[in-house]
Amino acid sequence: QVQLVESGGGLVQAGGSLRLSCVASGLTFSTYSMGWFRQAPGKEREFVAWISRSGGSTSYADSVKGRFTISRDNTENTVYLQMNSLKPEDTAVYYCAADGRSSYYSSRSQRPRTYDYWGQGTQVTVSS
């Protein structure tokens, strides 16, 4: 049974930082590209960041570029999202997701339906 479990969310003031973690089990982690998405109340789930199977390639939404960093540790089956200079508009539930088919970044990597498995999400709230 595949499980993705996110943690690290919380309440932070604008300008602060958080580090999200997502631990995977039940799959061969190193064979999956990983993505982070977020969903704010009343809005669609949106792409945040993507990382290749090896961790050697990453891509980001324009809204977080330069502030967020995605990384992974295949020995720990974990993907991270370091979030700096947080803004109130970053408030959302953050989800990690695993894609077992794509080995390189493309426009498909930004689409939720591309991903095979999802975590339950972790809430990030940024106060102004």
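**Close-up 1. The right-handed disulfide of Cys 22 and Cys 96.** The link between Cys 22 and Cys 96 is right-handed, with 50° about the S-S bond, and it joins sulfur atoms that lie 1.9 Å apart. A disulfide is taken here as a pair of cysteine sulfur atoms within 2.5 Å, and a search of the whole structure finds 1 disulfide. Cys 22 belongs to strand E3 (residues 18-25) and Cys 96 to strand E9 (residues 92-99), so the pair ties together parts that are 74 residues apart in sequence. Strands (E, at least two residues) and helices (H or I, at least four) are DSSP runs, numbered from the N terminus. Cys 22 is buried, with a relative accessible area of 0%, and Cys 96 is likewise buried, with a relative accessible area of 0%. Buried stands for under 20% relative accessible area, exposed for over 50%, and partly exposed for what lies in between, with a 1.4 Å probe and protein chains only.

The model shown in these views is predicted, so that local features need a pLDDT of at least 70 and side-chain atom pairs count only at pLDDT 80 or more, while totals for chains, interfaces and linings use all residues. Residues are numbered from 1 along each chain as its sequence is written, and side-chain values use heavy atoms, with hydrogens and water left out.

**Close-up 2. Glu 6, a buried acidic residue without a salt bridge.** Glu 6 is placed in strand E1 (residues 3-7). This residue is buried yet has no salt bridge, and the nearest side chain of opposite charge, that of Arg 45, is 7.5 Å away. For charge, Lys and Arg count as positive and Asp and Glu as negative, whereas His and the chain ends are not counted; a salt bridge is a side-chain nitrogen of Lys or Arg within 4 Å of a carboxyl oxygen of Asp or Glu. The side chain of Glu 6 does reach the backbone nitrogen of Cys 96, at 2.9 Å, and also the backbone nitrogen of Gly 121, at 2.9 Å. When neighbours within four places in sequence are left aside, the residues in contact with Glu 6 (heavy atoms within 4.5 Å) include Cys 22, Trp 36, Tyr 94, Cys 96 and Gly 121.

**Close-up 3. Arg 38, Arg 67 and Asp 90 in a network of salt bridges.** Arg 38, Glu 46, Arg 67 and Asp 90 are linked in a network of salt bridges, in a structure that holds 5 salt bridges. Arg 38 forms one with Asp 90, the closest N and O atoms being 2.9 Å apart. That pair links distant parts of the chain, since Arg 38 is in strand E4 (residues 33-39) and Asp 90 is in the loop between E8 and E9, 52 residues apart. Both Arg 38 and Asp 90 are buried. Asp 90 also forms a salt bridge with Arg 67, where the closest N and O atoms are 2.7 Å apart. Asp 90 lies in the loop between E8 and E9 and Arg 67 in the loop between strand E6 (58-60) and E7, so this second pair ties together parts that are 23 residues apart in sequence. The relative accessible area is 1% for Asp 90 and 11% for Arg 67, which is buried.

**Close-up 4. Asp 116, Arg 101 and Thr 114 in the loop between E9 and E10****.** Asp 116 forms a salt bridge with Arg 101, the closest N and O atoms being 2.8 Å apart. Asp 116 and Arg 101 each lie in the loop between E9 and E10, so the pair ties together parts that are 15 residues apart in sequence. Asp 116 counts as partly exposed at 31% relative accessibility, whereas Arg 101 is exposed, with a relative accessible area of 54%. Thr 114 lies in the loop between E9 and strand E10 (117-118) and counts as buried at 4% relative accessibility. With neighbours within four places in sequence left aside, Thr 114 is in contact with Asp 99, Arg 101, Ser 102 and Arg 108.

**Close-up 5. Asn 77 and Ser 85, with positive phi****.** Most residues other than glycine have a negative phi. Asn 77, although not a glycine, has a positive phi of about 55°; its place is in the loop between strand E7 (68-73) and strand E8 (78-83), and it is partly exposed, with a relative accessible area of 25%. Ser 85 has a positive phi near 50°, is found in the loop between E8 and E9, and counts as partly exposed at 40% relative accessibility.

How values were computed: A polar contact is a pair of N or O atoms within 3.5 Å; within protein, one must be able to donate a hydrogen and the other to accept it, and residues adjacent in sequence count only if both atoms are side-chain atoms.
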